[in-house]
Amino acid sequence: MEFLRKIEEKWQKRWEEARIFEANPDPVRPKFYITVAYPYPNSPQHIGHARTYTLADAYARYMRMKGYNVLLPMAFHYTGTPVLAMAKRLAENDQELIKDFVNIYKVPKEKLKELTEPLRMARYFHEEIKEGMKRIGYSIDWRREFTTVDPHYNRFIEWQFHKLREKGYIKRGSHPVGWCPKDGNPVGQHDTQGDVEPEIGEFTLIKFKHGEWILPTATLRPETVFGVTNIWVNPKAEYVKAVVDGENWIISRDCAEKLTYQNRRVVVLESLSGKELVGKTVENPATGDEIYILPADFVDPKNATGVVMSVPGHAPYDYVALENLKSEPSKLTDYKLQVDVVKNINAISIIEVPGYSEVPAADVVKRMGIQEQTDPKLEDATREVYRHEFHNGKMKANTGKYAGMPVAEAKERVKRDLMASGKATTMYELLNRPVKCRCGAECVVKIFEDQWFIDYGNPEWKALAHKCLEKMRIYPEELRVQYRYVIDWLHEKACARKSGLGTRLPWDPDWIIESLSDSTIYMAYYTIAHHIKEHNIQPDQLTDEVFDYIFLGIGNAQQIAEKTGINQKVLEAMRREFLYFYPLDSRHSAHELIPNHLTFMIFNHVAIFPEELWPRQIVTNGVVTMEGAKMSKSFGNIIPLREGLAAYGADPIRLSVLATAELLQDADFSPAVAKAMREKLEKLYRLVVQTTETVGNAETERADEALTTIDKWMLSRLQNHIKKATEAMEKLEVRKAIQTILFELDQDLQWYQKRVKNCGKTRTSIVKEVLKTQALMLAPFAPHTSEELWEIMGCGGFASLAPWPKPDETKVDIKAEESEALIMEVLEDTRNISRATKTKPQKVFYYTAAPWKWDVYLMALNKSMEGKITQSTLMMELLKNSEFKSKAKELADFINRIIEEVNQIPAEKKQRLIMIGQINEKQVLREAEDFLRSELNAEIAIFEEDEPQRYDPKSKARLARPLRPAIYIE
């Protein structure tokens, strides 16, 4: 490890001294601008974070080697409540948090008191994260660094919000928001534990009457009210009688409190247990039927009203709960329920669905083998029934005027009609509850009065966002549909709050712009941040006119310079630099930010910038697990990045988080993987040192010395690996690229060295060419190791700036590749025979296929390019040739043995074989005779199958096929 650390420090220092990652406008080179989500400094980054950032860095390094002037900047997102919440918990002496800080984050105990001040905490972790990014070797232009509470950045955000307001995209009004009742603030994804975005849904509350009291049942499927057989309450939960907006309601105590956040007037009169309600009856407002209130443990009193209508025909939870209750007579007796009455409650079918019986819920429950209402499979069952009913279902005759109506339409019509007649109302609830604020309180939904919103529901704006999306490259492409869905689904988003860090709303400074709203176009600010620092421009000089000129080309530079005091040349330089680097070429983040940050980025860019400056590409990736488990403090499996770097080294960590999965999948990290990567790099280092010493001590190779087949094979395979790795990187298939560079190329090099060892003529120039290429292709992934190997091999400059290798088509030799493949297969076949017969070979006889078999084989390959061939059609074609008529029996036997194989060969492989034609297999094997003798520790004899002098006591020669010599072992 000490050795690796020295290499890392050496190259990080050299990169910094040479300032090779500082990108400035260059009229000669094309630019490529990459950004990755700037981090929240409320804790150190851990190994899980490393995947997204390392992927962005590897891509930046690759594009730099492809000749692009690459800009990869970094900043720190202080905005919002995360830092405030952590500092507050620390100030309150939260022992769990203190334990995490000291034991996991390795914060010195004497530092804790200092970190109770939010900005000091942010600065502490800011420096911790930055140091980790430097230690892992990210190629960042640090001149452009800023924080989102810098006064200069605040001015930029004020300009952005003025622009949005001018376009009519910001409005004020009442709207449901996720809300922390403890902090008294709206909450978004970045304000919650686990970064969970509060998902708000509107429930229909259908009013079932019990005398003068109303039991409002909360449902997302009001159209199923016609199939209600009973009402569910939780017998163990606390309910209340309350006056809600002048009506007498019975609801859970939790609901009574939640309704107060939704502008309801609630007066609680008395408490009662759910058990007291069981056995009573209520009237269905849609049908007039009298139905029972029954007990169900699955009813969550914290969810909506805590009162649920039961539709067992179309709701798997209700079906299972009712069947469970029917099968427990003792339970019915406990609740003083009449056994016969409950047993006679049957599902009511109200929706006709193709492919299902009268009772779709029963179909799915039985198919999935669900028996208990606690079975987690009920969630999947519910989703299946709802999906099919919503998209394909039609209302039946027993639903009155809604009969024949598609479920999707009936859902809205039933809700509208019930509400119009006063038989229903609505309330909001978090669909993904429980969602907890970072302060620890459970979040609720609040109707927020006079809140400022960004109106992502604006249809014209959505159309522009869709237009941008369709022009963008999305990796992985499979996720494009998710972006489309989010653009369609987004509506008003609260954009400011009363507390937290960040930029004050310029026209209403009591409000602070929240963290998902001040992080959408900051990529533009990176392009000028270093100019602002270098020329000591003050915040009050950064007027809206300045930003209009820099980012939109509006106004006159000379006049703006005179008005603000900013040098005209500096203004013009900032404008030029922005236009040079914009638009953003690639945005990197995790999949989880598609529903908010990434889609907000699209919306805000199309709102403010002209079309030619819209972002071009988004790349997202899955998370990192730790030995198959989610990374979590509760699991004790979080490794802070700097701790991981100290334990395993920068390049092994980089490879570990990139090499185990492609973009769409989650990557699995483990100490074993990191150690294996480290050992792989150390082995490569030793090989390079050894080869370099060998080259230094060896006699000069003659330039005109003919290359052998194995030499040609190695050079040809090298071109294939270059091509494969390049194609993978162009599609961001990083795992495939690493597999090719670090493992497959290495495998071929080992084979080459083993092959040439026997003939005693290792071409060190070829080995060195392979290693140089491998070192270069490793540079995006393991840059420190790559630089060291590059230097050891005597190459000038930085590997990080060297051109990415290009395949040399003149070195591609298909015949050499197929010839070597023949040797590999012959060796493997011989070993398989030896293992199967449990024979240790003393002598091995190989019989190569007769020329006529090659003629037949090549004809079969040609014919199969037109489509699948059959034995009869091939025979008929061949028997037209008089040469084959004399050996019709042998011909039929041979065709029978090759026909299936030929049909299964991939088209590309067939074309290769047709192109090279017949291979002199006897000569190929003779050239490898010493190698085969050494590998098998046996004498080798090679014959053509029709050679008169051949030794063939078991008549094996007749079994020879092109590229599959027959084998006999003694």
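User: How much space lies in the largest pocket?
Analyst: About 1,800 Å³. Keep in mind that this is a predicted model.
User: Which residues are closest to the centre of that largest pocket?
Analyst: His 46, His 49, Gly 194, Asp 195 and Arg 438. They belong to a lining of 50 residues.
User: Which helix gives the most to the lining of the largest pocket?
Analyst: H4 does, with six residues. Helices H2 and H3 each supply at least two, and so do strands E22 and E24.
User: How do the lining residues of the largest pocket divide into nonpolar, polar and charged?
Analyst: There are 19 nonpolar, 21 polar and ten charged residues.
User: And how much space lies in the second largest pocket?
Analyst: About 1,400 Å³. Its lining has 36 residues. Phe 203, Leu 220, Asn 303, Tyr 317 and Thr 382 are the closest to the centre.
User: Where does the largest share of the lining of the second largest pocket come from?
Analyst: From helix H13, which provides six residues. Other elements supply at least two residues each, including strand E5, strand E6 and helix H9. The lining of this second pocket divides into 18 nonpolar, seven polar and eleven charged residues.
User: Let's stay with H13. Is Glu 384 buried or exposed?
Analyst: Glu 384, which lies in H13, is buried. Its relative accessible area is 11%, and the cut-off for buried is under 20%.
User: What is Glu 384 in contact with, leaving aside neighbours within four places in sequence?
Analyst: Tyr 356, Val 364, Arg 367 and Met 368.
User: Now Asp 748. Where is Asp 748 found?
Analyst: In helix H26, residues 734–759. Asp 748 counts as buried too, because its relative accessibility is 9% and buried means under 20%.
User: What does Asp 748 touch, not counting residues up to four places away in sequence?
Analyst: Trp 713, Met 714, Arg 717 and His 721. As for distances, the C-alpha atoms of Asp 748 and Val 770 are separated by 9.9 Å. Those two residues are 22 apart along the chain.
User: New topic. How many aromatic pairs are there?
Analyst: The count comes to 52. One of them joins Phe 156 and Phe 551. That pair is edge-to-face, with 5.6 Å centre to centre and 65° between the planes.
User: Which helices do Phe 156 and Phe 551 sit in?
Analyst: Phe 156 is in H6 and Phe 551 is in H18. The pair links distant parts of the chain, 395 residues apart. Phe 156 is buried, at 0% relative accessible area. Phe 551 counts as buried as well, at 1%.
User: Last one: helix H34. Which residues of H34 are buried?
Analyst: Lys 910, Leu 913 and Ile 916. They cover an arc of only 140° around the axis, so they lie on the same side of H34.
User: Why would residues three or four places apart point the same way?
Analyst: An α-helix has 3.6 residues a turn, so such residues point the same way.
User: Which residues are exposed on the other side of H34?
Analyst: Glu 908 and Met 915.
User: And what covers the buried residues of H34?
Analyst: The cover includes helices H29, H30 and H33.
User: What follows H34?
Analyst: Gly 917 does. The phi of Gly 917 is positive, near 70°.

Key. Residues are numbered from 1 along each chain as its sequence is written. This is a predicted model: local features need pLDDT of at least 70, side-chain atom pairs count only at pLDDT 80 or more; totals for chains, interfaces and linings use all residues. Side-chain values use heavy atoms; hydrogens and water are left out. Buried means under 20% relative accessible area, exposed over 50%, partly exposed in between (1.4 Å probe, protein chains only). Helices (H or I, at least four residues) and strands (E, at least two) are DSSP runs, numbered from the N terminus. The arc is that of the directions from the helix axis to the C-beta atoms. Contact means heavy atoms within 4.5 Å. On a 1 Å grid over the protein atoms alone, a cavity is a set of points where a 1.4 Å probe fits but cannot get out, and a pocket is an open set with protein on both sides within 12 Å along at least five of seven lines; lining residues have an atom within 4 Å of a point. Grid points are joined across faces, edges and corners, and a volume is the space filled by probe spheres set on the points. Ala, Val, Leu, Ile, Met, Phe, Trp, Tyr, Cys and Pro count as nonpolar, Asp, Glu, Lys and Arg as charged, and the others, Gly among them, as polar. Rings of Phe, Tyr and Trp (its six-membered ring) pair if their centres lie within 6.5 Å; planes under 30 degrees apart count as stacked, over 60 as edge-to-face and the rest as tilted.
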